[in-house]
Amino acid sequence: MNIEKELHSRSGSLCELCGAKEDLKAYEVSPTNGTADKNILVCATCHSQIENPEQADVNHWRCLNDSMWSTVPAVQVMAWRMLNRLRSEGWPQDLLDMLYLDEETLEWAKATGEGDNDEDAVKHIDSNGAQLQTGDTVTLIKDLNVKGGGFTAKRGTAVRNISLVADNTEHIEGRVEGQQIVILTKYVKKSN
């Protein structure tokens, strides 16, 4: 039996992602070994949106609410990858939080680098919601008592050439009155 026939049999001749009945074809979920268990049956709409992420219709992918519960690992992998692509929309993140993949399936889902994007990176955000970068200049928006420094950093003080604390998004470091201090991001605003 060829792969496409196996997929039609497994899925009941329905798109395994959205349930459509027309324009169905096999889609290899990379990386693949050429077997049916590494393929899914998808409609033309799902196929074109998987291949061209910039053309994705977010509302079409609400179908993942059902298909993510498939017992077929290849379907679970594609659901995970599509939810990751769309997670900035809000509702896909909620589904991702509910989705459980065993270790082997999750490893397969991550194999293409899907989901490894800037959103996973640590971001330092100021009091106005602007992203801070190493070397930026910030202005204090509140008088801050500097513990161990014996002085108060006054509101309006410019802190130039800041550095980011890698493992804590709420902390930055900067020099105030000749001393290197840690400052909470919620008490600064980025200067232009």
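Contact here means heavy atoms within 4.5 Å, and helices (H or I, at least four residues) are DSSP runs numbered from the N terminus. The structure is a predicted model, in which local features need pLDDT of at least 70 and side-chain atom pairs count only at pLDDT 80 or more, while totals for chains, interfaces and linings use all residues. Residues are numbered from 1 along each chain as its sequence is written, and side-chain values use heavy atoms, with hydrogens and water left out.

**View A. Residues at the contact of helices α4 and α6.** From α4, the residues Pro73, Ala74, Gln76, Val77, Trp80 and Arg81 meet Thr105, Leu106, Trp108, Ala109 and Lys110 of α6. Sorted by class, this contact has seven nonpolar, two polar and two charged residues (Ala, Val, Leu, Ile, Met, Phe, Trp, Tyr, Cys and Pro count as nonpolar, Asp, Glu, Lys and Arg as charged, and the others, Gly among them, as polar).

**View B. Packing geometry of α4 and α6.** Helix α4 (residues 73-86) packs against helix α6 (residues 103-110) at an angle of about 50°, and their axes, which are lines fitted to C-alpha atoms over the stretch in contact, lie 9 Å apart. Angles run from 0 to 180 degrees between N-to-C directions, and α4 is therefore oblique to α6 (under 35 degrees counts as roughly parallel, over 145 as roughly antiparallel, 65 to 115 as roughly perpendicular and the rest as oblique).

**View C. Cysteines without a disulfide.** A search of the whole structure finds zero disulfides, a disulfide being a pair of cysteine sulfur atoms within 2.5 Å. For cysteine 15, the nearest cysteine sulfur is that of cysteine 18, 3.7 Å away; for cysteine 46, the nearest is that of cysteine 43, 3.7 Å away. Cysteine 46 is buried at 0% relative accessibility, where buried means under 20% relative accessible area (1.4 Å probe, protein chains only).

Conventions. Buried means under 20% relative accessible area, exposed over 50%, partly exposed in between (1.4 Å probe, protein chains only). Helices (H or I, at least four residues) and strands (E, at least two) are DSSP runs, numbered from the N terminus.
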